[in-house]
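Q: I have a structure open and would like to learn how to read it. Can we go through it feature by feature?

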Amino acid sequence: MIQEYLNSVEKFIVVGDRVLIKPRDMETRTKSGLVLPATVKEKEDIHSGYVVKTGPGYPIPSNEIDESWKDTDETKYIGMQAQEGDLAIFLKDQTHEIEFENEKYLICPHGAILLLIRDDMTV
């Protein structure tokens with residue numbers, strides 16, 4: 001099922017230092033056992049979700065002399081820590097919500113991610 005879901009957004013190209021996140025639907029219980037609906041969680045400042053795609057990173061300015069006749073299409077980037085499949089903890093107020101094929105996604109700048117949780121920790 002998850003592979004079908006990933007194929008539907010495969011054609012998305014995330015730009016720059018942004019990350020496409022599928023928010024986690026979380027039902028929370030209080031200590032007394034009351035179930036808090038997702039609408040209560042939406043009002044919180046910090047949310048979590050799974051990284052679906054990432055952009056190339058932060059563009060690096062070129063040190064070469066800029067000459068108008070020179071064709072320089074090669075842009076270099078500083079990579080980001082976020083990778084597809086990571087669980088991201090991020091600041092909700094810096095994200096932009098979009099809907100695609102009845103699914104909710106968030107576009108989040110890499111700088112708004114506070115924490116990444118990754119199953120495979122090989123570096």
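A: Start with a pair of strands. Strands E1 and E9 run antiparallel, and four bridges join them. One thing to keep in mind throughout: this is a predicted model.

Q: Which residues of E9 stand opposite Arg 18 and Val 19?
A: Read a pairing residue by residue. Arg 18 stands opposite Pro 109 in E9. Val 19 stands opposite Cys 108 in E9.

Q: In what order do the strands form the open sheet?
A: Go from strand to strand across the pairings. Six strands make up an open sheet, in the order E8-E9-E1-E4-E7-E10. The pairing is antiparallel. From one strand to the next, the twist averages 40 degrees.

Q: How many helices and strands does the chain have?
A: Count the elements, then read them in sequence order. The chain has two helices and 10 strands. From the N terminus, the order is α-β-β-β-α-β-β-β-β-β-β-β.

Q: Is E1 enclosed or open to the outside?
A: Check how many of its residues are buried. In E1, five of the six residues are buried, so the strand is largely enclosed by the rest of the structure. For the chain as a whole, 27% of the 123 residues count as buried.

Q: Which residues make up the largest nonpolar core?
A: Here is the general idea. In soluble globular proteins, nonpolar side chains tend to be buried together. Now the case at hand. The largest nonpolar core has 11 residues: Val 19, Ile 21, Val 51, Met 80, Ala 82, Ala 88, Phe 90, Leu 106, Cys 108, Ala 112 and Ile 113. E1, E7 and E9 are the elements that give two or more residues to this core.

Q: How many salt bridges does a search of the whole structure find?
A: Look for oppositely charged side chains that meet. The search finds three salt bridges. Glu 103 forms one with Lys 22, their closest N and O atoms lying 2.5 Å apart. This pair links distant parts of the chain: Glu 103 is in E9 (103-109), Lys 22 is in E1 (18-23), and they are 81 residues apart. Glu 103 is partly exposed at 30% relative accessible area. Lys 22 is buried, at 16%.

Q: Where in the chain are Asp 86 and Arg 118?
A: Take their bridge first. Asp 86 forms a salt bridge with Arg 118, and the closest N and O atoms are 2.7 Å apart. Asp 86 is in the loop between E6 (76-78) and E7 (87-91), while Arg 118 is in the segment after E10 (113-117). The two are 32 residues apart. Asp 86 is buried, with a relative accessible area of 2%. Arg 118 is partly exposed, at 24%.

Q: What is the N to O distance between Lys 104 and Glu 97?
A: Lys 104 and Glu 97 meet in a salt bridge at 3.9 Å. Lys 104 counts as partly exposed, at 25% relative accessibility. Glu 97 is partly exposed as well, at 48%.

Q: Is Asp 45 buried or exposed?
A: Compare its accessibility with the cut-off: exposed means over 50%. Asp 45 is at 60%, so it counts as exposed. Asp 45 sits in the loop between helix H2 (38-42) and E4 (46-54).

Q: How far apart are Asp 45 and Leu 91 in sequence and in space?
A: Compare both kinds of distance. Asp 45 and Leu 91 are 46 residues apart in sequence, and 5.9 Å apart from C-alpha to C-alpha. Beyond its neighbours within four places, Asp 45 is in contact with Phe 90, Leu 91, Lys 92 and Asp 93.

Terms used. Residues numbered from 1 in each chain as written. Predicted model: local features only at pLDDT ≥ 70, side-chain atom pairs only at ≥ 80, totals over all residues. Heavy atoms only, no water. Salt bridge = Lys/Arg side-chain N within 4 Å of Asp/Glu carboxyl O. Buried < 20%, exposed > 50% of the residue type's maximum accessible area, 1.4 Å probe, protein only. Contact = heavy atoms within 4.5 Å. Pairing = 2+ DSSP bridges. Axes fitted to C-alpha atoms, helices over the stretch in contact; angles between N-to-C directions. Core = buried A, V, L, I, M, F, W, Y, C linked by side-chain atoms within 4.5 Å.
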